[in-house]
Amino acid sequence: MATSAVARDVVFALRRKIAKIEGTLAERLAPPSDGQSSAGQPVAGLLVRRNGLASARDFFLPTGVERLDEILGGGLPKAALTEIHGTETRNAGAAAGLTLCLVSHMLRERSRPQDLVLWVGTAEIFREAGFPHAPGLDRLFGLAPGQLLFAEAPKPADALWIAEEAARIDELAAVIVELRGNPRELDLTATRRLHRRAQDAGRPVFLLRHSAVPEPTAAPVRLVAAPAPAVLRRTVLGPLAGSIGPPAFAVEIGKSRTALPGSFILEWNPDARTLEPRRDAVPENRVAVVPPSRGRTHPQAAAGAVLAFRNAAEPAAGDQPPGEQHPAHRRARRAG
Amino acid sequence: MTSHRENNTQRIAALDARAEALGLRRGMGIAEARAMHPGIDVAEADPEADRKLLEGLADWCDRYTPLVALDGADGLFLDVTGCAHLFGGEKALLNDLMMRFFHQGFDVRAGLASTPGAAWAAARYATGHILAPGSERTFLARLPLSALRIDARTKTSLESVGLRTVGSIMDGPRAPLVRRFGAVLIERLDQALGRLEEAISPRLPVAPLSVERHLADPLSLIDDVERLVGLLAATLKVDLERREEGARALELLLFRVDGMVSRITVGTSRPIREPALVRRLFHERLAALGETIDAGYGFDLVRLSALSTALFDARQGDLAGAGSEEGEGLAILVDRVGARFGESAVLEPVPAASHVPERAVSVMPRARSETRKAAASGTGTGKARPAAERPIRLFRVPEPIEVPATEVPDGPPLNFRWRRAMHRVARAEGPERIAPEWWREGGADAPTRDYYRIEDADGRRYWLYRQGLYSAQAVPRWFMHGVFA
């Protein structure tokens with residue numbers, strides 16, 4: 001205990017500066033304000049100080065799926081670049097759907113009408129995968145047409161420029177950049193620039209990529225989204241045979257800070273605006289037949305007790321990853 | 001020498017000094033001229049190119065005054081009222097203009113007078129002459145009738161009765177002249193003498209405000225141009241502040257030393273007057289234009305004009321100075337992106353009252369949103385949540401797909417081929433029948449569409465439709481219209 005408080009402050013300040021230059025985990029270096037050491041719990045007990053607000057909750061965006069949050073180390077980093085990959089261009093619906101699920105889930109908590117979402121894409125991707133259709137987004141994700149902005153850029157470099165400029169605009173709650181393939185302009189430097197902008201602004205930037213080969217990226221999290229067959233529609237009389245229920249996604253974690261592997265089948269609940277893990281066997285008596293009302297802050301609790309129901313097969317599938325799926329750049333960065 | 005076709009013969013349209021020295025004249029037949037001098041070089045006249053050149057010159061003349069009008073196929077009118085002192089007087093202006101044209105390789109004749117008619121005559125019969133106000137009468141009196149801008153037929157008939165100079169009709173009785181030769185003659189005379197007001201109509205609308213800088217040393221670096229735009233915008237800001245306005249559209253004119261003029265326009269989504277902002281907008285525009293702007297030997301005159309202005313609602317910033325930018329970030333971004341990629345680069349969806357999916361929402365440029373909202377404030381479109389499931393992405397043009405088989409004629413497909421890949425349908429919901437809008441033109445005959453929500457074996461969800469119904473005559477076509485999440 002030789003170092004004085006002042007010296008420690010200096011060290012912290014320097015570390016922060018270095019971390020800022022390097023673009024590494026600056027938030028982990030912040031000392032906890034209550035004086036307790038956070039060394040034992042690298043993630044959960046962290047305190048983040050950003051613009052005077054100190055809270056771990058502000059930093060992470062919990063996806064609502066327990067196991068996924070655990071693997072991501074608390075949730076998706078809110079002030080960061082997040083890559084979401086679609087395996088093929090025809091899976092654009094699923095990849096865009098997952099991105100919008102995350103955006104919608106984030107906006108659900110602080111729903112201000114002036115929060116806008118900017119969707120930047122190249123003319124190519126809007127032609128190949130379809131232009132965003134506002135009525136569908138409104139219905140499924142609760143994003144009103146007045147909340148959406150689209151930007152169509154002629155080339156990938158232009159789309160990246162728009163995204164970079166947009167990332168610092170306060171009115172935009174989230175920026176989605178959509179690109180196809182592996183354009184030359186989208187290298188490590190470009191992702192780092194986007195990431196830095198997102199960090200500075202404290203708002204997420206989602207990089208949506210279709211049919212792209214995973215490359216080194218500055219984004220702390222990469223999710224690979226693929227479509228999954230939807231469950232049947234739930235009705236009063238039980239599942240309706242032959243129907244197509246709410247959207248489902250097969251999500252695989254391509255990169256995360258904890259480097260834990262995982263693959264999930266997630267379902268989007270359009271009414272509660274939450275992501276839920278797929279439960280294979282749905283107990284008939286436990287399902288909330290009437291969905292919680294949308295747009296209210298305190299929906300009435302469903303009748304009956306909610307039981308913890310964990311699919312035993314699910315974690316087992318994710319625990320042992322195939323070895324070749326982890327090149328060096330997918331590994332988590334060393335903290336500090 | 002150039003020729004043109006007139007009354008079914010090739011005639012000389014224009015000729016140079018050497019050809020003139022050989023005794024050739026305008027209007028002479030080409031065959032005749034060839035017979036006299038077999039070695040002459042004849043090119044076909046190109047009035048379109050001449051016109052373009054004249055317009056280019058008119059652009060260049062913008063440096064002297066914003067009021068430049070084309071006069072016929074070979075003349076320009078410049079209204080230099082209130083501009084002459086900027087160039088050191090009328091004499092200096094005329095000398096400067098003629099000198100610059102001469103160095104560009106043009107043979108110009110110019111005259112300056114208080115009325116357009118007198119100036120026209122001065123340019124043609126006494127080039128370089130400046131008529132003092134009130135001296136038109138004595139000047140015109142000596143000139144032939146063609147100095148009055150009258151057509152050849154009137155001139156010939158006047159000459160046939162012995163009236164050969166302007167002076168001879170100037171003091172004659174007016175009524176018989178009008179009766180015999182038409183009102184145009186007297187009108188032209190009155191205009192030339194200043195008895196009748198004649199306004200020239202400029203080719204381009206005159207900007208309400210503009211600031212410019214003449215440069216002794218031409219600029220050739222785009223960075224320097226940008227810096228100068230910032231300085232000009234600072235001057236413009238003072239003028240805009242005095243008018244309590246902001247600019248909605250700005251134009252930058254770059255006059256190249258050799259006479260080429262580049263016009264660069266940017267629009268803004270809200271009135272602006274901050275020099276830094278103006279500079280940034282032009283930075284984007286210049287970056288987008290890139291190589292298209294060729295500085296050549298440099299620009300010697302840079303002008304910044306506010307093409308359209310609007311009331312600027314000034315807001316007070318807070319004491320720290322941070323609040324002044326509040327809420328403007330997005331508008332600035334929209335303007336900057338618009339300056340680079342065009343106004344339709346940033347779009348916003350506007351719901352419309354239509355049940356046809358592609359018309360249910362229209363994407364409009366964000367830059368126009370304020371004017372659109374002002375226009376639609378009364379109607380108040382009700383925010384209705386769509387009742388049926390709609391895809392999250394819609395193809396702009398529905399893509400045709402091949403459907404080999406359906407279970408029942410009017411049922412969903414069993415499988416389909418889209419973009420060369422076969423998709424096996426696992427589940428289908430529908431149909432949702434969407435009829436065309438019969439009240440639109442051509443809508444009544446259009447076939448109905450039966451939409452199906454399809455999930456294929458891999459879990460991808462699509463929105464397909466069958467156009468029309470099965471009948472004995474035709475097999476309906478299938479289209480892919482959108483994808484679900």
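Select B:Glu245 to begin: this residue stands opposite B:Leu311 in strand 9 of chain B. The model is predicted, so local features need pLDDT of at least 70 and side-chain atom pairs count only at pLDDT 80 or more, while totals for chains, interfaces and linings use all residues. Residues are numbered from 1 along each chain as its sequence is written, and chains are lettered from A, with ligands numbered from 1, in the order in which they are written.

**The sheet of chain B**

Helices (H or I, at least four residues) and strands (E, at least two) are DSSP runs numbered from the N terminus, and two strands pair if DSSP finds at least two bridges between them.

Strands 7 and 8 of chain B form a hairpin with four residues between them, and B:Gly259 in the turn has a positive phi of about 100°.

Now display the open sheet of four strands in chain B, whose order is 6-9-7-8 with antiparallel pairing. Its edge strands are strand 6 (209-219) and strand 8 of chain B, each of which pairs on one side only. From one strand to the next, the twist averages 15°.

Select helix 12 (residues 275-289) of chain B, which lies across strands 7 and 8 of chain B and runs at about 135° to strand 8. Axes are lines fitted to C-alpha atoms, for helices over the stretch in contact, and angles run from 0 to 180 degrees between N-to-C directions.

**A helix pair in chain B**

Move to helix 9 (residues 174-181) and helix 10 (residues 183-193) of chain B, which pack at an angle of about 130° with their axes 6 Å apart. Helix 9 of chain B is therefore oblique to helix 10 of chain B; angles under 35 degrees count as roughly parallel, over 145 as roughly antiparallel, 65 to 115 as roughly perpendicular and the rest as oblique. B:Arg174, B:Leu177, B:Val178 and B:Phe181 in helix 9 meet B:Ala183, B:Leu185 and B:Ile186 in helix 10, where contact requires C-beta atoms, placed from the backbone, to lie within 7 Å. By class, this contact has six nonpolar, no polar and one charged residues. Ala, Val, Leu, Ile, Met, Phe, Trp, Tyr, Cys and Pro count as nonpolar, Asp, Glu, Lys and Arg as charged, and the others, Gly among them, as polar.

**Where the chains meet**

Show both chains: 40 residues of chain B are in contact with 45 residues of chain A. Elements giving two or more residues to the chain B side include helix 13 (329-341), strand 10 (346-351) and strand 12 (393-406) of chain B. That side has 22 nonpolar, three polar and 15 charged residues. Zoom to strand 8 (residues 148-153) of chain A, which two bridges join in antiparallel fashion to strand 10 of chain B. There, A:Phe150 stands opposite B:Leu347.

Finish at A:Ala163, in helix 7 (residues 156-166) of chain A. A:Ala163 counts as buried because 28 C-beta neighbours lie inside 10 Å; the cut-offs are 20 or more other C-beta atoms within 10 Å for buried, 12 or fewer for exposed, and in between for partly exposed, with C-beta atoms placed from the backbone. Not counting residues up to four places away in sequence, A:Ala163 touches A:Val120, A:Val175, A:Val177, A:Leu194 and A:Val205.

Terms used: Two residues are in contact if their C-beta atoms, placed from the backbone, lie within 7 Å.
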